[in-house]
Structures are given as C-alpha cells and as structure tokens.
Amino acid sequence: MTELLEKDGKIIFLEEFPFMKPARLDMEEHADELMSLISPLAPDEIEHLMNKNCFSLGIKVKTKIDEHHDLFGLVFSLES
C-alpha cells in the first residue's frame with residue numbers, strides 16, 4: 001500500500017464490528033463461496049497492522065448499525 005499511496009494520500013477502512021454473517025436468505029447462490037473469502041478484522045487489529053506498516057491513524061469514528069454491532073470508519077495516512 002505504501003507504494004500505491006500518493007503523497008498526502010489517505011487509506012479509508014469501513015468495517016462493521018463485530019462482523020455478522022448475513023442470513024442465508026439474504027445471500028445469492030454463491031454465498032458460501034463468497035463468505036469463505038471474507039476474513040474480517042476488528043478495528044483494533046486493523047489499527048495495529050497499519051501502525052506496524054508505517055501508517056498513522058488520523059480519524060476513527062464509530063456509529064451504531066443496530067443493537068448488536070457498530071460501523072467503524074478509520075482514516076490512515078503514511079507516516080512522514
């Protein structure tokens with residue numbers, strides 16, 4: 001990512017936490033295959049990985065999706 005990001009560029013993550021697998025009825029016929037590709041990370045894990053790779057967290061916001069989980073927005077920039 002460091003090679004792709006332009007100077008003063010930002011990387012934005014939107015992640016629900018805790019991740020909730022959609023009900024089978026809400027998914028199309030390839031749902032199992034698609035879900036096997038997903039490996040959600042907790043916002044703290046994303047933050048740790050990005051910090052480890054020379055990115056700094058600029059903005060972190062959280063909003064309720066429902067009574068069970070939240071949506072996080074994290075904005076990172078490359079450390080100078």
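## Salt bridges, aromatic pairs and the core

Lys60 forms a salt bridge with Asp44, and the closest N and O atoms of the two are 3.4 Å apart. (A salt bridge here is a side-chain nitrogen of Lys or Arg within 4 Å of a carboxyl oxygen of Asp or Glu.) This pair links distant parts of the chain, with Lys60 in strand β2 (residues 55-64) and Asp44 in helix α2, 16 residues apart. Helices and strands are DSSP runs numbered from the N terminus, with at least four residues of H or I for a helix and at least two of E for a strand. The model is a predicted one, in which local features need pLDDT of at least 70 and side-chain atom pairs count only at pLDDT 80 or more, while totals for chains, interfaces and linings use all residues. Residues are numbered from 1 along each chain as its sequence is written, and side-chain values use heavy atoms, with hydrogens and water left out.

The structure holds four salt bridges. Lys60 takes part in another one, with Glu47, at 3.2 Å from N to O. That pair also links distant parts of the chain, Lys60 being in strand β2 and Glu47 in helix α2, 13 residues apart. Helix α2 itself covers residues 43-52. The side chains of Glu47 and Lys60 are also joined by a polar contact of 3.2 Å. The cut-offs are under 20% relative accessible area for buried and over 50% for exposed, with partly exposed in between (1.4 Å probe, protein chains only). Elsewhere, Lys62 and Asp70 meet through their side chains in a salt bridge of 3.9 Å, N to O. Here Lys62 is exposed, with a relative accessible area of 56%, but Asp70 is buried at 11%. Shared partners join Asp44, Glu47 and Lys60 into one salt-bridge network. Leaving out residues up to four places away in sequence, Glu47 touches Leu57, Lys60 and Phe76, where contact means heavy atoms within 4.5 Å.

Now for the rings. A pair of aromatic rings is described by the distance of the centres and the angle of the planes. Two aromatic pairs are present in the structure. Phe13 and Phe76 have ring centres 5.9 Å apart and planes at 90°, so they make an edge-to-face pair. (Rings of Phe, Tyr and Trp, the last by its six-membered ring, pair if their centres lie within 6.5 Å; planes under 30 degrees apart count as stacked, over 60 as edge-to-face and the rest as tilted.) Because Phe13 lies in strand β1 (residues 10-17) and Phe76 in strand β3 (residues 70-78), the pair ties together parts that are 63 residues apart in sequence. Phe13 is partly exposed, with a relative accessible area of 23%, while Phe76 is buried at 0%. Phe17 and Phe72 also pair edge-to-face, at 6.5 Å centre to centre and 75° between the planes. With Phe17 in strand β1 and Phe72 in strand β3, this pair ties together parts that are 55 residues apart in sequence. Phe17 is partly exposed at 35%, and Phe72 counts as buried at 11%.

Phe72 and Phe76 turn up again in the largest nonpolar core, whose eight residues also include Leu5, Ile11, Ile46, Met50, Phe55 and Leu74. (A nonpolar core is a set of buried Ala, Val, Leu, Ile, Met, Phe, Trp, Tyr and Cys residues joined through side-chain atoms within 4.5 Å.) The elements that give two or more residues to this core are α2 and β3, and β3 provides the largest share, three residues. In soluble globular proteins, nonpolar side chains tend to be buried together. Beyond four places in sequence, Phe72 touches several residues, among them Phe13, Leu14, Pro43, Lys60 and Lys62.

Finally, Pro18 sits in the loop between β1 and α1 (31-37). Pro18 is partly exposed, at 39% relative accessible area. Neighbours within four places aside, Pro18 is in contact with His68 and His69. The C-alpha atoms of Pro18 and Met50 are separated by 19 Å, the two residues being 32 apart along the chain.

Conventions
Polar contact = N/O pair within 3.5 Å; in protein donor to acceptor, adjacent residues only side chain to side chain.
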